[in-house]
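Thanks for coming. Please have a look at the screen.

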Amino acid sequence: MDYFLRGIRLVSVACGVFAALLIAASVVIVCQMVFVRYVLNHNTIWQTDFVTFSLVAATFIGSPYLLLSRGHVNVDVLPLYLGPHGRYRLALASMLMSFAFCAVMTVLTFQFWHEAWENNWRSESMWRARMWIPYSAMPIGLGLLSLQYVVELIKLVTGREPPFGLTPKDEAKELVRDMT
């Protein structure tokens with residue numbers, strides 16, 4: 001079990017690094033596009049598509065790392081005021097619903113990707129990029145996000161991590177801070 005948890009953690013961290021590299025590449029390509037277009041006065045063909053596809057891919061592929069690092073927006077008012085059992089139930093219910101959503105979306109986006117692969121869809125720009133390549137980020141990212149949710153569920157159910165990452169000491173600190 002520990003190997004599975006550590007393996008998915010490493011994959012999620014790798015996804016975060018890959019997403020950061022995609023964003024960095026997009027910034028460099030935008031700078032190159034501005035230089036080519038306005039300084040050299042040449043047309044740009046592939047840059048806009050590349051940047052768009054890269055940013056979307058970074059969003060999907062970076063999502064497992066975001067869940068791992070708890071980087072998502074989290075409103076913890078309700079968990080703070082619930083007792084330990086209520087907090088556990090809320091965490092379990094929200095993780096199960098999130099996992100179910102991600103699993104269903106993984107299947108649906110895989111079907112979408114497969115349709116683009118089978119029908120040889122191409123972008124409508126001059127670049128004529130094969131659409132199965134950027135579309136692959138959706139089922140890959142959502143599939144890995146689903147696996148990260150499985151890890152989070154295992155950690156919650158086995159008691160390796162408290163619900164919402166709130167220990168009783170953290171709860172007391174948050175309540176005192178809110179009162180002041």
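The residues that line the largest pocket divide into 10 nonpolar, seven polar and two charged. Here nonpolar is Ala, Val, Leu, Ile, Met, Phe, Trp, Tyr, Cys and Pro, charged is Asp, Glu, Lys and Arg, and polar is the others, Gly among them. This is a predicted model, in which local features need pLDDT of at least 70 and side-chain atom pairs count only at pLDDT 80 or more, while totals for chains, interfaces and linings use all residues. Residues are numbered from 1 along each chain as its sequence is written, and side-chain values use heavy atoms, with hydrogens and water left out.

The volume of the largest pocket is about 420 Å³. Of its 19 lining residues, Leu67, His72, Val73, Ser98 and Tyr149 are the closest to the centre. A pocket, on a 1 Å grid over the protein atoms alone, is an open set of points where a 1.4 Å probe fits, with protein on both sides within 12 Å along at least five of seven lines, and lining residues have an atom within 4 Å of a point. Points are joined across faces, edges and corners, and the volume is the space filled by probe spheres set on them.

Which helix gives the largest share of that lining? It is α2, with six residues. α2 (47-68), α4 (84-118) and α6 (137-157) each supply at least two. Helices are DSSP runs of H or I, at least four residues, numbered from the N terminus.

Next, the second largest pocket, with about 250 Å³ of space. It is lined by 14 residues, and the closest to its centre are Phe50, Phe53, Ser54, Ile133 and Pro134. α1 (2-39), α2 and α5 (132-135) each give two or more residues to this lining, and the largest share, five residues, is from α2. By class, the lining has 11 nonpolar, two polar and one charged.

Now the helices. α6 has 21 residues, which at 1.5 Å a residue should span 30 Å, and its end C-alpha atoms are 30 Å apart, so the two agree. The expected span is 1.5 Å times one less than the number of residues. After α6 comes Gly159, with a positive phi near 80 degrees.

For α4, the 35 residues should span 51 Å, and the end C-alpha atoms are 50 Å apart, which agrees. Its buried residues include Arg87, Met95, Cys102 and Trp113. Asn120 follows α4, and its phi is positive, near 55 degrees.

Methods:
Buried means under 20% relative accessible area, exposed over 50%, partly exposed in between (1.4 Å probe, protein chains only).
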